[in-house]
Structures are given as structure tokens and as C-alpha cells.
Amino acid sequence: MTAPAIHIEGALHRAQSLLIDRFAITFAAGGWSALLGASGVGKTSLFRLIAGLPSAALLDGQIAASDGAPIGPRVAMMAQDDQLLPWADALDNIMISARLRGDLLQPDHAAALLSDVGLAGFERRKPAQMSAGQRQRVALARLLYEDRTIVLLDEPFSALDVMTRVATQDLAARLLAGRTVVLITHDPAEAIRLADVAWIATRAGILPCPLPAARPPRPPEAVSTLSSQAALFQRLRLISETGAA
Ligand SMILES: Nc1ncnc2c1ncn2[C@@H]1O[C@H](COP(=O)(O)OP(=O)(O)O)[C@@H](O)[C@H]1O
Ligand SMILES: [Mg+2]
């Protein structure tokens, strides 16, 4: 699997208004990029443009993969809401896109992925019979079943309690290794823990964000993680108060 870098440049608009002024960013090939920024700045809209889906926003510019091949068919997405079908069990939820496409189903593979995310024996459970953390792990197994090289994660861990969040982050970091992963998050701790490169979206543009030298996933309690987190927190506060970097 060769996962490309993704370059984006331009300005993001919605209707007549400017969301994000002119920027040029790169999401790392085969690594984790974090995209931070206040609610409403346009992060989800930008994701939908990357995936080639209908979006509330328009990019005056371009999105390209480093290998020049189309991006949309290589993308799998995961959102804050697990988006599992309530009437379908875990196994059927994992295979739902394949079923809709009319692909030959691989229930043994789906069960193996369910086991990889720590949910062996949960094959026949419905979403209502699982915790929020377990449902997000089913969503992660569904993402892995799709087996795409580009993975867009839109605040997937933000509804989880802190210990479940750290465990799910570690699991995702391990199971998605080698893919080009972009993680939208408003949590500085999450960006500092997981990212190889990080960007902060503001109305004035998208700014690079320094990260600790240690390789991710970084231990949440390490001093270097915590001091980077504090610096990023201060910077985000400055941006939200003044709009400046
Ligand atoms: N379906 C929609 N219809 C109209 N406006 C929308 C829609 N989705 C998002 N917006 C608006 O577009 C802007 C960017 O939204 P979004 O990309 O969801 O931001 P973020 O993900 O950074 O919170 C916001 O001002 C939001 O209110
Ligand atoms: Mg959003």
C-alpha cells in the first residue's frame, strides 16, 4: 500500500463569505496529520471536498495527491457520531458499504477485524447493546474493512471518556499505520499525542504547528507531551481571542 501526501492550496469560501483565507498545506504521506481550528471555521467542509463529496464550501484552488492519482476513490471517513445503522449488528455494519456496492461479502474478514479492535464475540450485537467506545471501535473496524489508503477522521474520539479515548487513539494509531490519516480535532492533547504534522485552521489561513520530537503515539503523561500541549493551548487561545497567530 503506497499512501500519498495530499497538497491543498487556495482559499475556502461559503456562499459569498470567506471561511479560510489563502493557504497551502500538506498532509504527510503514510502518516498522521492533525487539523485543528475553532468550530465553524470550515474543517468538515474541507474534508468533504478532499473526499469529493458535496460540501457547504467551495475551494478556490486545488487539492492533489503527491502521486497525481484521484483522491476520492481512495478515501474512507469516520465521524464523531459512529454512524452505525441501529437495526444492523456489528458484522453487518462493518460490511454495509460493501453490501451497498454489491461487492462479494467477506464475513470472516469482518469478524477478524472486529477481533483486531478488541470486540471478538460482538458479531451479533446491535449498536444499542454497545458502549460509545465499543461503537467507535466497530466504526474503526468498518473503516479497516474499506481498506483505503487515505483516512479522514472527523473528531472521532471526542465523545469518549478520557481513558477510553486514549485507548481508542492507540488502537487507531496501530491499526491505521502506513495510511495517510488526517484527523480533525479541537483537542490540543489529541493533536500533540497523535500527529506527525499539525495544522491550525483560522479565518486568516492555515498555520503550521510545532510538535514534540518523539514519534507518535506519544504518552499522554510525558512532560514533553504536556509542555507542547500547553504551548498549543496558549496559541489556540491567542487565535480565538485575537484571530491572530
Ligand atoms: N449543510 C450546510 N448548510 C449551510 N451551511 C453550512 C452547512 N454545513 C456547514 N455550514 C456552515 O459552513 C461553515 C463551515 O462549517 P464546517 O465545515 O462544518 O466547520 P467545522 O467543521 O470547522 O466546525 C460554518 O459556518 C457552518 O455554519
Ligand atoms: Mg466539523
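## A walk through the predicted model

In this predicted model, helix α4, covering residues 107-116, packs against helix α5, covering residues 132-146, at an angle of about 135°, and their axes lie 9 Å apart. Since angles over 145 degrees would count as roughly antiparallel and those of 65 to 115 as roughly perpendicular, α4 is therefore oblique to α5. The crossing in which α4 passes α5 is right-handed. On the α4 side the contact involves His-109, Ala-110, Leu-113 and Leu-114, which meet Ala-141, Leu-144 and Tyr-145 of α5, and the residues of this contact comprise six nonpolar, one polar and no charged.

Turning to the ligand, the shell around ligand 1 consists of Arg-14, Leu-19, Gly-37, Ser-39, Gly-40, Val-41, Gly-42, Lys-43, Thr-44, Ser-45 and Ala-56. Helix α1, residues 43-51, contributes the most to this shell, with three residues, and by class the shell holds three nonpolar, six polar and two charged residues.

The backbone also deserves a careful look, because most residues other than glycine have a negative phi, and most peptide bonds are trans. Gln-83, in the loop between β5 and α2, has a positive phi of about 55° although it is not a glycine, and Gln-83 counts as partly exposed because it has 14 C-beta neighbours inside 10 Å. Glu-155, in the loop between β6 and α6, likewise has a positive phi, near 50°, and with 18 C-beta neighbours inside 10 Å Glu-155 also counts as partly exposed. Finally, Pro-216 and Pro-217 are joined by a cis peptide bond with omega about -5°, and Pro-217 lies in the loop between β9 and α8.

Definitions and conventions: Residues numbered from 1 in each chain as written. Chains lettered and ligands numbered in written order. Predicted model: local features only at pLDDT ≥ 70, side-chain atom pairs only at ≥ 80, totals over all residues. Near = placed C-beta within 6 Å. Helix = DSSP H or I, 4+ residues; strand = E, 2+ residues; numbered from the N terminus. Nonpolar A, V, L, I, M, F, W, Y, C, P; charged D, E, K, R; others polar. Axes fitted to C-alpha atoms, helices over the stretch in contact; angles between N-to-C directions. Parallel < 35°, antiparallel > 145°, perpendicular 65-115°, else oblique. Left-handed = near helix turned anticlockwise from the far one by under 90°. Contact = placed C-beta atoms within 7 Å. Buried ≥ 20, exposed ≤ 12 C-beta atoms within 10 Å, placed from the backbone.
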